[in-house]
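Dear colleague,

Please find below the structure that I am handing over to you. My findings follow directly after it.

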Amino acid sequence: MSPFLFNLYSECLTKEALEGFGDFKIGGQIIHTVKYADGLVLLAKEEKVLQDMTDKLIEIGGCYGMEMNVEKTKVMRISRQPFPVKTMIDQKQLENVEFLTNWVAF
């Protein structure tokens, strides 16, 4: 798949999958994702919302013939509370990290 086609598919599936989600606001606007290079960051205030967003992204991605690379996907809690986030993909708990490369953030 060409990089252009990948980016187009990625943009469309992300928009479709995350429609209706979101309570994470910056400057009064709901923000679902932050994109950089070939990475995507999901933003959520609650762990359940993050899991629901991840599940929906995987479901819609399948419709586009795209899969999430579970081995490269990480999760990070940005909080004063140090306990880990329990986000799952295909019955695998995502690795919790302090610094991220390819990631989902909670």
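Gln 91 lies in the loop between S6 and S7, where helices (H or I, at least four residues) and strands (E, at least two) are DSSP runs numbered from the N terminus. Its phi is near 60°, a positive value in a residue other than glycine. Gln 91 is exposed, with a relative accessible area of 73%; here buried means under 20% relative accessible area, exposed over 50%, and partly exposed in between (1.4 Å probe, protein chains only). Asp 90 is also found in the loop between strand S6 (88-89) and strand S7 (92-93). The phi of Asp 90 is near 50°, again positive in a residue other than glycine, and Asp 90 counts as exposed at 57% relative accessibility.

Please note that this is a predicted model, in which local features need pLDDT of at least 70 and side-chain atom pairs count only at pLDDT 80 or more, while totals for chains, interfaces and linings use all residues. Residues are numbered from 1 along each chain as its sequence is written, and side-chain values use heavy atoms, with hydrogens and water left out.

H2 has 17 residues and reaches 25 Å from its first C-alpha to its last, close to the 24 Å expected at 1.5 Å a residue; the expected span is 1.5 Å times one less than the number of residues. The buried residues of H2 include Val 49, Leu 50, Met 53 and Ile 60. Just after H2, Gly 65 takes a positive phi of about 75°. Glu 46 is placed in the loop between strand S4 (39-42) and H2, and is partly exposed at 45% relative accessibility. Glu 46 and Asp 23 are 23 residues apart in sequence and 9.1 Å apart in space, C-alpha to C-alpha.

In H1, Leu 13, Thr 14, Ala 17 and Leu 18 are buried. Seen down the axis of H1, its buried residues fall within an arc of 105° (taken over the directions from the helix axis to the C-beta atoms), so they line one face of the helix. On the other side of H1, Phe 4 and Lys 15 are exposed.

Yours sincerely
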